[in-house]
Amino acid sequence: MRRDAEPYQRRPGRDDPVAGQGVPALYDAVLLDRDGTLVEDVPYNGDPDKVRPVPGARAALDRLRAAGLRLGVVTNQSGLARGLFSTAQLRAVNARVEQLLGPFDTWQCCPHDERAGCACRKPAPGMVHAAARALGTTPDRCVLVGDIGADLAAADAAGAAGVLVPTAATRAAEVAAAGHVAVDLPAAVQLILDRAALLAGLSPHRPVPAPVAGLPSRRPGTVLVVRSDSAGDVLVTGPAVRAVAAHAERVVLLCGPRGRDAAALLPGVDEIVEWPLPWIDGVPAPVDPGDIGRLVERLRAVRADEAVVFTSFHQSALPLALLLRMAGTPRVSAISDDYPGSLLDVRHRIPDGLPEPERALSLAAAAGFTLPDGDDPRLRIRTDRVPPAPAGLGGPGYLVLHPGSAVPSRAVPPELAARIVRVLTAAGHRVAVTGGPDETALTARVAGDTGIDLGGRTGLAELAAVLAGAGALVVGNTGPAHLAAALGVPVVSLFAPTVGYGQWGPYRVPAVRLGDASAPCRDTRATICPVAGHPCLSAVEPGRVLDAVRLLGVVADAPARPAGSPPTVRSGPPSGGVTPVTVGRGSAR
């Protein structure tokens, strides 16, 4: 079996009742906020006798421990800075928490108040990084459970997953912005364990591995995998494709024209079949019976032992499943809420709201293909197929702003994008503005006199080359966000809420979400903004983008300068450390 991808960072598999025998777990650790999440929120509590666990906390935590997950606490404790309790009292309260709820593997407490500008106080990600180091893992292998927006913002900025458990103190806007919400701590734990079980090919409520009905007795020679949509859709299916490739002799990927360039960058793909599907494409051509007949013959020529049809949550796999049956494909797996009759051998059904990479991975696992030991669900691309970056960028550390999108409702408004470039360059950042051949007027307008205009010079592989040297990407909800995630590049996500952030936000990479998550367009899946003025994004202040860049640890490599001055280009990487900032809500903790 070929190995054409870069070496993976190897981590041991875990034999536990959630992940399954020898299957790498989705997470290594669960981090929890203290006040309001583990115990009732008593403001500035220095008295152990006032510690009261939230209902079901001990049993829920014991379930995580039994699954082999390590536990940590990350808590803002500004009462120390305010002189409202002593270090000894804080330790006594924490000891009481452990007495009631069991041991934690690490405690991370920020003693500062909101005026300190420290790197540890949530929403800054410092405590998440420190907890991951203490637990011998990385933030993207952690999930943080908290009760306010600052908790989830810290998780996002570190690249960890987050689950919000709202209380009376949680603002409605924080609930709207959260990618994943649970009604209480036991429900949050159930969500975490269910997601791990789905990726291991287990029923969420079945604790031990069991055979999947219909699995062949030997591994297939050729597997046809299908993801017919845009570049971003293909990229988020990459981990599932790798799971199939780990077991098959040969993988053929069927994709549409918009996903062809992304398919060429996916590890594990041996052959690409490009074919537009009229029931998938956003602007489809009329159904042509002759073309459908030719597609059946092309599918027959693949001679696949089986097919795995990946779709987005709003698409149907059944039309293609019918054509695969007509082509003689002996085994077909897909997600389908609709009754498939004899079209599917594995009909997979999952709960709503899963991140798209996990949704695809859960189908692969249900079909019998799990990621091998040493791989994990992060997005990846083949860097050997990425060309050199274009000239004129200087050394690494610049910012990239990608204003356009194939879906207009998800693009950054041009005037806002131009203002963002001016603010970022005035603060000393180099900013490259990227776009396709049909976006040169847009990129010229956005770059202005201070940005670096790369419009028309960045196909998908060339954009990957630009992003590889970037400190962060500023972008709407569009394919380049997933390309940045595949390269481990932090993302400032100006996310239009037409689709769910928990499903389509940057996956397992440091990110900051900006925009009005409760705007009227929420969950409409609209391709054209249904509200005049694009209010979900147009109200974002460019200064908040600068704050987000700092929160992600990207340091400007030139002194702040007056607007209108030409950009500074360096020949080497920036120097200096993280600039800690405090962004967003300042809680009393």
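Predicted model: local features only at pLDDT ≥ 70, side-chain atom pairs only at ≥ 80, totals over all residues.
I started at Ala-432, which stands opposite Ile-452 in β14.

Strand β13 covers residues 431-433 and runs parallel to β14, with 2 bridges joining them. Then I traced the whole sheet: it is open, has 6 strands and goes β14-β13-β12-β15-β16-β17, with parallel pairing. The edges are β14 (452-453) and β17 (511-514); each has a single partner strand, so one side of each lacks a neighbour in the sheet.

On to the salt bridges. I get 33 of them in the structure.

I looked up Asp-28 first. Its side chain meets that of Arg-141 in a salt bridge, 3.1 Å from N to O. Asp-28 sits in the segment before β1 (29-32) and Arg-141 in the loop between α3 (126-134) and β4 (142-146), so this pair ties together parts 113 residues apart in sequence. Buried or exposed, these two? Both Asp-28 and Arg-141 are buried.

Then I turned to Arg-70, which has a salt bridge to Asp-105 with the closest N and O atoms 3.8 Å apart. Here too distant parts of the chain are linked: Arg-70 is in strand β2 (residues 70-76), Asp-105 in the loop between α2 (87-101) and β3 (106-110), and they are 35 residues apart. Arg-70 is partly exposed at 35% relative accessible area, and Asp-105 is partly exposed at 40%.

I also noted Asp-233 with Arg-227: their side chains form a salt bridge at 3.4 Å, N to O, and both residues are buried.

Last entry: I found a salt-bridge network linking Asp-140, Arg-242, Asp-375, Asp-376, Arg-378 and Arg-380.

Conventions:
Residues numbered from 1 in each chain as written. Heavy atoms only, no water. Pairing = 2+ DSSP bridges. Helix = DSSP H or I, 4+ residues; strand = E, 2+ residues; numbered from the N terminus. Salt bridge = Lys/Arg side-chain N within 4 Å of Asp/Glu carboxyl O. Buried < 20%, exposed > 50% of the residue type's maximum accessible area, 1.4 Å probe, protein only.
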